[in-house]
Amino acid sequence: MSVTINEQWKTDHDDDVVIVVSDEEYQAAARRSLDELGLTYAQLEEQARNGYFTSAQAHALWVSIGGTVDL
């Protein structure tokens with residue numbers, strides 16, 4: 001997913017970075033990622049339900065956005 005970073009800060013762990021984006025940016029990035037995969041959110045959700053993803057990218061996207069958007 002590609003988003004514009006609105007805010008960013010380090011955590012207590014050197015390798016962790018927290019990035020804050022607006023809800024609109026997050027939704028738009030999720031839509032773009034689905035479009036790039038040629039999937040709808042419903043199709044991705046179905047793949048997750050079945051435990052079979054059409055690609056590693058689809059699985060990674062589900063890990064990133066699954067259950068967090070209403071598309």
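Predicted model: local features only at pLDDT ≥ 70, side-chain atom pairs only at ≥ 80, totals over all residues.

User: What share of the 71 residues is buried?
Analyst: Buried residues account for 20% of the 71 residues.

User: And what fraction of the contacts join residues at least 24 apart?
Analyst: Of the contacts between residues at least 6 apart in sequence, 42% join residues at least 24 apart.

User: On to packing. At what angle do α1 and α3 pack?
Analyst: Helix α1 and helix α3, the latter comprising residues 56–65, pack at an angle of about 165°, and their axes are 11 Å apart. Because of that angle, α1 is roughly antiparallel to α3. The crossing of these two helices is left-handed.

User: Which residues meet there?
Analyst: From α1, the residues are Tyr26, Ala30, Ser33, Leu34 and Leu37; they meet Gln57, Ala58, Leu61, Ser64 and Ile65 of α3. By class, this contact has 7 nonpolar and 3 polar residues, with no charged ones.

User: How about α2 and α3, what is the angle there?
Analyst: Those two helices pack at about 100°, with their axes 10 Å apart. The angle makes α2 roughly perpendicular to α3. On the α2 side, the contact involves Tyr41, Leu44, Glu45, Gln47 and Ala48, while α3 contributes Ala58, Leu61, Trp62 and Ile65. The residues of this contact divide into 7 nonpolar, 1 polar and 1 charged.

User: Which residues of α3 are buried?
Analyst: They are Ala58, Leu61 and Ile65. Viewed down the axis of α3, the buried residues fall within an arc of 60°, so they line one face of the helix. These buried residues pack against α1 and α2, the latter spanning 41–50.

User: Then what is exposed on the other side of α3?
Analyst: Ala56 and Val63 are exposed on that other side.

User: What happens just after α3?
Analyst: Gly67 follows, with a positive phi of about 80°.

User: Back to α1. Is Gln27 buried or exposed?
Analyst: Gln27, which lies in helix α1 (residues 23–37), counts as buried because its relative accessibility is 15%, and the cut-off for buried is under 20%.

User: What does Gln27 touch, leaving aside its neighbours within four places in sequence?
Analyst: With those neighbours set aside, Gln27 is in contact with Val69, Asp70 and Leu71.

User: Is Ala29 buried or exposed?
Analyst: Ala29 also has its place in helix α1. Its relative accessible area is 0%, so Ala29 is buried. The C-alpha atoms of Ala29 and Ile65 are separated by 9.9 Å, although the two residues are 36 residues apart along the chain.

User: Last one: where does Gly38 sit, and is Gly38 buried or exposed?
Analyst: Gly38 belongs to the loop between α1 and α2. With a relative accessibility of 58%, Gly38 counts as exposed, since exposed means over 50%. Gly38 and Ala58 are 20 residues apart in sequence, and their C-alpha atoms are 9.8 Å apart in space.

Technical notes: Residues numbered from 1 in each chain as written. Heavy atoms only, no water. Helix = DSSP H or I, 4+ residues; strand = E, 2+ residues; numbered from the N terminus. Buried < 20%, exposed > 50% of the residue type's maximum accessible area, 1.4 Å probe, protein only. Contact = heavy atoms within 4.5 Å. Axes fitted to C-alpha atoms, helices over the stretch in contact; angles between N-to-C directions. Parallel < 35°, antiparallel > 145°, perpendicular 65-115°, else oblique. Left-handed = near helix turned anticlockwise from the far one by under 90°. Nonpolar A, V, L, I, M, F, W, Y, C, P; charged D, E, K, R; others polar. Arc of directions from axis to C-beta.
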